[in-house]
Amino acid sequence: QVQLVESGGVLVQPGGSLRLSCAASGNIFTIAAMGWYRQAPGKQRELVATITSSENTNYGDFVKGRFTISRDSAKNTVYLQMNSLKPEDTAVYYCNALLTKYSDSSARNYWGQGTQVTVST
């Protein structure tokens, strides 16, 4: 069984900063990539940022240098540092991992349960 556990979602004021964490645990052989997606009410889930095992990163267009994704491979953990937060960043943020379990022959996508980020005065 694989679990992705997110933490760090809170209420923050516009212009503030926040760091999300996501730890993957379970019968994991290797993790190809980890990332963050978000979904606001009434909107589709969208890419925030991803990072591969070789540290290649990809960001959603709306990030515009405000967010930084990083990972600690030894801990199977991915982080999202978010700065200059805006009210439109309010959403549920989901952790994603493309990983292979010891019992599997190929990689599969796994999702966390989500953590709420609210940017408001």
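How many helices and how many strands does the protein chain have? The chain has zero helices and eleven strands. The model is predicted.

## Overall build

Read from the N terminus, the element order is β-β-β-β-β-β-β-β-β-β-β. The radius of gyration is 14 Å, close to the 14 Å from the globule rule for 121 residues, so the chain is as compact as a globular protein of that length. Along the principal axes, the C-alpha atoms fill a box of roughly 45 × 25 × 25 Å.

How much of the chain is buried? Of its 121 residues, 42% count as buried. The accessible surface comes to about 6,400 Å². Carbon and sulfur atoms hold 46% of that surface.

Contacts can also be sorted by sequence separation. Take those with a separation of 6 or more: residues 24 or more positions apart account for 55% of them.

Charge comes next. The chain carries 11 positive and 8 negative side chains. The centres of these two sets lie 1 Å apart.

## The disulfide

How many disulfides does the chain have? The count comes to one disulfide. In general terms, such a link is a covalent bond between the sulfur atoms of two cysteines. Here the partners are Cys22 and Cys95, with an S to S distance of 2.0 Å. The angle about the S-S bond is -80 degrees, and the link is left-handed. Cys22 sits in strand 3 (residues 18-26) and Cys95 in strand 9 (residues 91-101), so the pair ties together parts that are 73 residues apart in sequence.

Are the two cysteines buried or exposed? Cys22 is buried, at a relative accessible area of 0%. Cys95 is buried too, also at 0%. The cut-off for buried is under 20% relative accessible area.

What does Cys95 touch, leaving out residues up to four places away in sequence? Its contacts are Leu4, Glu6, Cys22, Met34, Gly35, Trp36, Val78, Tyr110, Trp111 and Gly112. Leu4 is on that list. Cys95 and Leu4 are 91 residues apart in sequence, yet their C-alpha atoms are 7.0 Å apart in space.

Ile51 lies in strand 5. This residue is buried, with a relative accessible area of 1%. Beyond residues up to four places away in sequence, Ile51 touches Ala33, Met34, Asn56, Thr57, Ile69, Ser70, Arg71 and Val78. Met34 and Val78 are among the contacts of Ile51, and Met34 and Val78 are also among those of Cys95.

Ala40 belongs to the loop between strand 4 (28-39) and strand 5. Is Ala40 buried or exposed? Ala40 is buried, at 19% relative accessible area. That value counts as buried because the cut-off is under 20%. With residues up to four places away in sequence left out, Ala40 touches Thr90 and Ala91.

| Pair | Apart in sequence | C-alpha to C-alpha |
|---|---|---|
| Ala40 and Val117 | 77 residues | 9.8 Å |
| Ile51 and Val10 | 41 residues | 23 Å |
| Cys95 and Leu4 | 91 residues | 7.0 Å |

## Two loop residues with positive phi

Which residue in the loop between strand 5 (46-52) and strand 6 (57-59) deserves a look? Glu55 is placed there. Its phi is near 70 degrees, a positive value in a residue other than glycine. Glu55 is partly exposed, with a relative accessible area of 45%.

Ser84 gives another such case. Its phi is positive, at about 50 degrees, although Ser84 is not a glycine. Where does Ser84 lie? Ser84 is in the loop between strand 8 (77-82) and strand 9. At 42% relative accessibility, Ser84 counts as partly exposed.

How values were computed. Residues are numbered from 1 along each chain as its sequence is written. This is a predicted model: local features need pLDDT of at least 70, side-chain atom pairs count only at pLDDT 80 or more; totals for chains, interfaces and linings use all residues. Side-chain values use heavy atoms; hydrogens and water are left out. Helices (H or I, at least four residues) and strands (E, at least two) are DSSP runs, numbered from the N terminus. The radius of gyration is taken over C-alpha atoms; the globule rule is 2.2 Å times the number of residues to the power 0.38. Buried means under 20% relative accessible area, exposed over 50%, partly exposed in between (1.4 Å probe, protein chains only). Contact means heavy atoms within 4.5 Å. Accessible areas come from the Shrake-Rupley method with a 1.4 Å probe; for residues, only the protein chains shown count as cover. Lys and Arg count as positive and Asp and Glu as negative; His and the chain ends are not counted. The place of a charge is taken as NZ of Lys, CZ of Arg, CG of Asp or CD of Glu. A disulfide is a pair of cysteine sulfur atoms within 2.5 Å.
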